[in-house]
Every structure is written in structure tokens, then in C-alpha cells.
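Start from the structure below.

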Amino acid sequence: MSQSAIFTNVRFDILANMYDRRDQKNRVAVTQEEIAVDLGLCRATVNRTLNELKSHSFIVTDQNRVGRYIVTKRGRKIVELIRMVDVYVPDELDEEVDYDI
């Protein structure tokens with residue numbers, strides 16, 4: 001598990017899943033069931049989250065194809081930025097923490 005994974009949530013997990021599946025034109029051909037199975041979620045959670053991602057313009061529905069989405073520039077940027085956190089998290093954070101401070 002990446003170090004930043006503990007700070008992310010289901011919205012990021014679904015968006016990142018779609019980001020990883022996108023083609024060169026940022027289109028994603030995936031069903032809600034496929035996302036649910038990949039991430040161990042129920043389809044209702046995926047459906048609700050996709051609607052949230054659409055309402056915040058991270059993804060849009062491809063009007064030309066049923067069951068296809070487009071990851072927007074905003075959606076791509078947020079995935080890339082959150083994933084960059086892992087590059088900058090120092091290894092010292094993996095060491096034992098002294099809670100008697």
C-alpha cells in the first residue's frame with residue numbers, strides 16, 4: 001500500500017481506477033460492476049460516487065457511447081497530484097513513532 005493511500009477515500013480510488021483504464025483520448029469503457037469488483041465495493045457505492053465525480057467535473061459521461069466516461073483534465077490532475085505525494089513522503093515516516101513526546 002502506498003503511503004498516501006491511508007489519506008485517500010473511495011472517490012479517489014474510483015477516479016484512480018478510471019484514470020488507469022483510460023485510453024489515449026482519456027475515454028474509459030468500464031461498467032460500474034467492473035469497478036465494484038476491482039475495488040471490493042458494492043455497485044450502489046460506485047454509482048453514487050460516479051455521480052459525485054461527475055458533479056465536481058472530474059469525469060463526464062461520453063455522450064457518444066453508453067457506459068463510457070471521459071476523465072477530465074481536472075480529474076487527471078488530481079490523480080497525478082495525489083500520487084506525487086508518495087514521491088515526497090520521507091522514509092523516516094516508516095520508522096517507529098515515539099508516542100511519549
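## Surface and core

Leu81 is part of helix α4, residues 73–88. Helices (H or I, at least four residues) and strands (E, at least two) are DSSP runs, numbered from the N terminus. The model is predicted: local features need pLDDT of at least 70, side-chain atom pairs count only at pLDDT 80 or more, and totals for chains, interfaces and linings use all residues. Residues are numbered from 1 along each chain as its sequence is written, and side-chain values use heavy atoms, without hydrogens and water.

Ile78, Leu81 and Met84 make a nonpolar surface patch of about 240 Å². Such patch residues have over 30% relative accessible area and no salt bridge, with nonpolar side chains joined within 5 Å. A salt bridge puts a side-chain nitrogen of Lys or Arg within 4 Å of a carboxyl oxygen of Asp or Glu.

Two residues can be listed by exposure (buried under 20% relative accessible area, exposed over 50%, partly exposed in between; 1.4 Å probe, protein chains only).

| Residue | Relative accessible area | Class |
|---|---|---|
| Leu81 | 45% | partly exposed |
| Ala29 | 52% | exposed |

Ala29 lies in strand β1, residues 27–29. Its C-alpha atom is 8.9 Å from that of Arg65, 36 residues apart along the chain. Leaving out residues up to four places away in sequence, Ala29 touches Glu34, Gly67 and Arg68; contact means heavy atoms within 4.5 Å.

The largest nonpolar core has 18 residues. Its members are buried Ala, Val, Leu, Ile, Met, Phe, Trp, Tyr and Cys residues joined through side-chain atoms within 4.5 Å. Ile14, Leu15, Met18, Leu50, Leu53 and Ile59 touch the most other members. The largest share, six residues, comes from α1.

Note on methods: Patches are made of residues with over 30% relative accessible area and no salt bridge: like charges are joined within 9 Å, nonpolar side chains (Val, Leu, Ile, Met, Phe, Trp, Tyr) within 5 Å. Accessible areas come from the Shrake-Rupley method with a 1.4 Å probe; for residues, only the protein chains shown count as cover.
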